[in-house]
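Here are a few quick notes to read alongside the model. Have the structure open and follow along point by point.

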Amino acid sequence: MPRVEVRLLKNLDEFHQCERIQTLTWGAPGVTSEAMTAAAKYGGVLIGTLVDSKVVGFIFAFLAQYHGHLAHWSHMMAVEAKYRDRGFGFNMKMVHRQVAIERGIKSICWTFDPLQSRNARLNISRLGAIPEEYVADCYGRFPSLLENGLPSDRWVLNWKISTTRVALRLKGDARPFDQGLPRVNETKLNFQGFPQNRSIKLDLAHHNLLVETPVQTDAMRTKAIPLARRWRLEARRIFQHYLAKGYHVDDFFPPQSSTGGRCFYLLRRQA
Ligand SMILES: CC(C)(COP(=O)(O)OP(=O)(O)OC[C@H]1O[C@@H](n2cnc3c(N)ncnc32)[C@H](O)[C@@H]1OP(=O)(O)O)[C@@H](O)C(=O)NCCC(=O)NCCS
């Protein structure tokens, strides 16, 4: 059995391995080992998953201010592709939360692509983090293998690590999927088996709304980039529209039998 450790990373060799994972994930290292050294020493964190002493996943976070409060800004997290979906991402977030609590930090913030359903599953439904802002083309055009030339839209998440909501989510508390809720978008599968929107409603006013997003965004960006671009713009329009009307993202449902193998965001507006 391989030996798996999740812990703070401390030395230059480990930081170099994080650069290697960045190159595998995005195509180039966006954060150098020098920046990691400074962040790890002066208030930020580097956390890694090591399999038989080799770093296969990492989190890089620096000290920041969000809405006037001290926070950890978790600028990067990646797990090597062949090690994904084994809970390594979740376990690194658990270690980060513990370290942050010990340092008196109450929020860990980061951004993620709203169309990456794996990230939405981990961040929103498992960790209980809440998207607070939708930022269109957040980082401008940057050479990311994952983006494949699309505008870099992002949710800005606030993970309020000491709240009851988060504690319940971490215990496995999950909201059941209600397939009867009104849907903002109706989709159909195209000839390649990818979903595409066939209608979008921007005049709904119910308290809870479902927004469907694709399950396999990476495959779509490789095999059907015009459709992926359309999803980017349509999802942006939907989320910006309903956020401006007072809705917020309350949950995310990953593909499961109750959702018919599809993914949905739950938007909610207070009564
Ligand atoms: C995001 C990332 C770090 C997650 O790491 P990970 O180790 O795979 O995460 P976990 O295994 O803890 O959690 C993944 C969850 O997504 C689920 N999942 C997998 N594919 C999915 C999909 N297509 N749609 C929805 N959920 C999916 C997994 O089943 C798992 O949920 P579960 O624990 O309930 O089974 C990793 O996927 C990655 O490196 N992605 C590329 C870089 C990136 O996007 N980084 C984050 C933004 S900076």
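1. Let's start with what the largest pocket is made of: its lining counts 18 nonpolar, 11 polar and 12 charged residues. Bear in mind that this is a predicted model.

2. In total, 41 residues line that pocket, and W26, M77, A78, N119 and L146 are the ones nearest its centre. Its volume comes to about 1000 Å³.

3. Which elements each supply at least two residues of the lining? On the helix side they are α1 (12-26), α3, α4 (117-126) and α6 (217-223), and on the strand side β4 and β5.

4. Now for the sheet. Seven strands form an open sheet with mixed pairing, in the order β1-β2-β3-β4-β5-β7-β6. At the edges sit β1 (4-8) and β6 (130-135), each with pairing on one side only. From one strand to the next, the twist averages 25 degrees.

5. Have a look at the β6 end. Strand β6 runs antiparallel to β7 (residues 154-160), and five bridges join the two.

6. Helix α2 (residues 33-41) packs on it, touching β2 (45-51) and β3 (54-66), with its direction at about 60 degrees to that of β3. Helix α3 (residues 88-102) lies across β1, β2, β3, β4 (69-79), β5 (107-112) and β7, and runs at about 155 degrees to β4. Helix α3 also turns up in the pocket lining, as do β4 and β5.

Terms used:
Residues are numbered from 1 along each chain as its sequence is written. This is a predicted model: local features need pLDDT of at least 70, side-chain atom pairs count only at pLDDT 80 or more; totals for chains, interfaces and linings use all residues. Side-chain values use heavy atoms; hydrogens and water are left out. Two strands pair if DSSP finds at least two bridges between them. Helices (H or I, at least four residues) and strands (E, at least two) are DSSP runs, numbered from the N terminus. Axes are lines fitted to C-alpha atoms, for helices over the stretch in contact, and angles run from 0 to 180 degrees between N-to-C directions. Contact means heavy atoms within 4.5 Å. On a 1 Å grid over the protein atoms alone, a cavity is a set of points where a 1.4 Å probe fits but cannot get out, and a pocket is an open set with protein on both sides within 12 Å along at least five of seven lines; lining residues have an atom within 4 Å of a point. Grid points are joined across faces, edges and corners, and a volume is the space filled by probe spheres set on the points. Ala, Val, Leu, Ile, Met, Phe, Trp, Tyr, Cys and Pro count as nonpolar, Asp, Glu, Lys and Arg as charged, and the others, Gly among them, as polar.
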